[in-house]
Amino acid sequence: RTRRSAAPLSRAQSNPMSSKDAPPKEPVHGVIVQPGGEVVYGQPVIAKPAYPQQQAPPQVLFAPQQQQGGAAFFYAQPQGFRPNPYADAIPVGTPVANPSAAASVPVANATPVATGTPVSSAAGAASARPRAEVTADFTNGDRTSTAQDARYGGDPRLVTHVNYHWNDITTIDPPSLARFPNVIRLSLSGNHLAHLHGLEACPHLRWLDVSTNDLVDFGGAGRVLSLEWLDASNNNIATLSGLGFAPRLTWLNLHHCSLTTLDGLRNVPSLVSLDLSSNDLTTTSGVGACGHLAELNLAVNDLTDLSEVGRLTQLRALDCTSNELSALPDLRACPLHTLSLAHNNLSSAAWPGVLASVEHVRSLRVIYIGRNELTGGDLQLVRSALEPRGCRVDTSARGIAQSSGGAGGGGCGSRSPRT
């Protein structure tokens, strides 16, 4: 397979955490819970892709509070899940309770308020709507550093997204980013970055796109505690060293890199969606540290076993298309909805073991088994075991990503099968 391409790879918009639906028209509403009795607030922002085929973040993000007395929105993030795109407005002076602290984790780009503290900046919040994203657009230029900014004619304090897509940038200049104090999205795809020094200049950063660069690891990056979405696909990353710079990541895309090991995943235990497709992995050792994973894409690797995958008790979508698997581990602890085993080395003798692995997974709704050694008797065995309980058995050459873009199955991206 080709390791790099001249332009960012075209990948299916199949992550269920991305949405093309229209933003809510009704006033925002929701929950107010934080560990340690904290409450957070921010301005909801409607985010859109920065360039064609960009893996988009959730449509509604939250920017820091813009001005004293403006609309304040309160929200919380359950352990290991994306931020709630709705929030409650609280009347001025209302003491804040925290009934569900145990089920929450700290939320990015927000100001903590102690339990019981009267809230004084929520005036007018009940009727507010999410606002449009404000982008400082420096795309398609010949800059070699973020310091070579074109002049920005607007108010930099209102900017929530800085877009440097498709330049020749090799370094991130902290002062040039610091002049946008409320940036929550940073697009640096299609450049020549070899390191991530300087990101600490964006204390509210929640979403970072550094796809199609020259990264070999994540070493040297300053800690960005607010970062939740990271697209580092189509790089030369061979190791996850330094990934702890963003310990609260929930979505990570490492498609089409050079990974041979997963050492370092223990530094991002809150991951919910992980794309490791089109790498050089022979083992999944280390993935068990990500106990909140709901989506795991392992397609187009050299895997012969799925060690530790059976420990993922929240896993709903598992894509193992185009590997070297000849057996499966016990997956009864995984609440799988979708499983792809297409394009592997599953022989006729392996199918009883495959069924034993998934027979107790009552949530399974579709399994892809095409392009394996599959006799008529094997197919009858699989169908008779799974179809009566509502699981569709797909024997085509497709995997999750080739099936309606992964819609409904939680696939993490598209790739070509191994040839």
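Trainee: What pLDDT does the chain average, and what share of the residues score at least 70?
Mentor: The model is predicted, and its chain averages a pLDDT of 75, with 67% of the residues scoring at least 70.

Trainee: Where does the pLDDT stay under 50?
Mentor: One such stretch is residues 1–41, for which the model has 164 contacts beyond four places in sequence. Over residues 65–128 the pLDDT is also below 50, and that stretch has 182 contacts in the model beyond near neighbours in sequence.

Trainee: Let us turn to the fold. How many helices and strands does the chain have?
Mentor: The chain has three helices and 17 strands.

Trainee: How are the strands from β6 to β17 arranged?
Mentor: Twelve strands form an open sheet with parallel pairing. The order is β6-β7-β8-β9-β10-β11-β12-β13-β14-β15-β16-β17.

Trainee: Which strands stand at the edges?
Mentor: The edges are β6 (135–137) and β17 (392–394). Each has a single partner strand, so one side of each is left without a neighbour in the sheet.

Trainee: And by how many degrees are neighbouring strands turned against each other?
Mentor: On average by 5°, with direction ignored.

Trainee: Could we take one pair as an example? How many bridges are there between β7 and β8?
Mentor: Strand β7 (residues 161–163) pairs with strand β8 (residues 185–187) over three bridges, in the parallel sense. Within this pairing, H161 stands opposite R185 in β8.

Trainee: Now the interior. What share of the residues count as buried?
Mentor: Of the 419 residues of the chain, 54% count as buried.

Trainee: Which residues of the largest nonpolar core touch the most other members?
Mentor: That core has 78 residues, and those touching the most other members are L196, F218, F245, L265, L296 and L318.

Trainee: What is F218 in contact with, leaving aside its neighbours within four places in sequence?
Mentor: F218 is in contact with L196 and F245, and also with L230, A232, I237, L240, S241, G242, L243 and L254.

Trainee: On to S211. Where is its place, and is it buried or exposed?
Mentor: S211 is in the loop between β9 (207–209) and β10 (229–231). Its relative accessible area is 3%, so S211 is buried.

Trainee: What does the side chain of S211 join in a polar contact?
Mentor: The side chain of Y51 is the partner, in a polar contact of 3.4 Å. Beyond four places in sequence, the contacts of S211 include Y51, L188, S189, G190 and D231. A232, S233 and N235 are also in contact with S211.

Trainee: Which residues other than glycine have a positive phi?
Mentor: S278 is one of them, with phi near 55°, and V300 is another, with a phi of about 55°. Most residues other than glycine have a negative phi.

Trainee: Where are these two found?
Mentor: S278 is in the loop between β12 (273–275) and β13 (295–297), while V300 is found in the loop between β13 and β14 (317–319).

Trainee: Are they buried or exposed?
Mentor: S278 has a relative accessible area of 6% and is therefore buried. V300 counts as buried because its relative accessibility is 5%.

Trainee: What about R266: where does it lie, and is it buried or exposed?
Mentor: R266 lies in the loop between β11 (251–253) and β12. At 59% relative accessibility, R266 counts as exposed.

Trainee: How many Å separate the C-alpha atoms of R266 and C290?
Mentor: They are separated by 6.8 Å, although the two residues are 24 residues apart along the chain.

Trainee: One last residue. In which helix is P174 found?
Mentor: P174 is found in helix α1 (residues 174–178). P174 counts as partly exposed, at 31% relative accessibility.

Trainee: What is P174 in contact with beyond its neighbours within four places in sequence?
Mentor: P174 is in contact with G198 and A201. P174 and H197 are 23 residues apart in sequence, and 8.4 Å apart in space, C-alpha to C-alpha.

Trainee: And for the chain as a whole, what share of contacts between residues at least 6 apart in sequence join residues at least 24 apart?
Mentor: The share is 53% of those contacts.

Technical notes
Residues numbered from 1 in each chain as written. Predicted model: local features only at pLDDT ≥ 70, side-chain atom pairs only at ≥ 80, totals over all residues. Heavy atoms only, no water. Pairing = 2+ DSSP bridges. Helix = DSSP H or I, 4+ residues; strand = E, 2+ residues; numbered from the N terminus. Axes fitted to C-alpha atoms, helices over the stretch in contact; angles between N-to-C directions. pLDDT = per-residue confidence, 0-100. Contact = heavy atoms within 4.5 Å. Core = buried A, V, L, I, M, F, W, Y, C linked by side-chain atoms within 4.5 Å. Buried < 20%, exposed > 50% of the residue type's maximum accessible area, 1.4 Å probe, protein only. Polar contact = N/O pair within 3.5 Å; in protein donor to acceptor, adjacent residues only side chain to side chain.
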